[in-house]
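The entries below follow the order in which I looked things up.

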Amino acid sequence: MFHRTERLLLRPAWPEDWPAIKAGIADLAVLRNLASAPHPYHDKDAQRFASSVPPARFPRFLLTMADTAEVVGTIGIDPDPDGRTEMGYWVARQHWGQGFATEAGRAVLEMACILGHTQIAAAHFVDNPASGAVLRKIGFEPTGEIRERFSLGRGEAASSVEYALDLPVLADHAMATA
């Protein structure tokens, strides 16, 4: 699955993308905001991510500049342990503050609707308010819940602010599942 936005191409990661993935994510300033990426982030971690094939209903995307193919970050949706569908993303530090997470988030929500998802969850660590701003810009609402999440990047649990977004049910999907 691919998606083109104004400035980005969202595409699957390919095995040969691992060096660019590692270069963007291995920064502790990025890793500490993630729950599932370890610190330190090794070559094998990037190779595993770039070679993995997620289920079709839960796509993950490499964010690249549409005009140069430079890797900006990744974004995707995954099932979480509570049975919800959760969106997660990271953007390499040199691309922070340029609206790429917002642009990619809107694109992934469009695709989630097409795939038949009706609610998406998301979260950010309390000390990462920039992610909260992104989530609110694309329509997420805080649930009022703050919970402890273990962060591999931090090596410890940290408080996270929980969000949810109800997605519209697309008519074609509603007819196909009726």
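I first looked up helix α1 (residues 18-25), whose buried residues are I21, G24 and I25. Buried means under 20% relative accessible area with a 1.4 Å probe, protein chains only; helices are DSSP runs of H or I of at least four residues, strands are E runs of at least two, and both are numbered from the N terminus. The three cover an arc of only 85° around the axis, which puts them on the same side of α1; the arc is that of the directions from the helix axis to the C-beta atoms.

I noted the basis of the model: it is predicted, local features need pLDDT of at least 70, side-chain atom pairs count only at pLDDT 80 or more, and totals for chains, interfaces and linings use all residues. Residues are numbered from 1 along each chain as its sequence is written, and side-chain values use heavy atoms, without hydrogens and water.

I then asked what the buried residues of α1 pack against: α2 (28-31), α3 (43-51), β3 and β5. Contact means heavy atoms within 4.5 Å. At the α3 side, W18, I21 and K22 of α1 meet D43, A46, Q47, F49 and A50.

**Core**

I next looked up the largest nonpolar core, which has 31 residues; such a core is a set of buried Ala, Val, Leu, Ile, Met, Phe, Trp, Tyr and Cys residues joined through side-chain atoms within 4.5 Å. Its largest share, 9 residues, comes from α4. Apart from this core lies another of 14 residues, among them A13, A37, L62 and V71.

How values were computed
Buried < 20%, exposed > 50% of the residue type's maximum accessible area, 1.4 Å probe, protein only.
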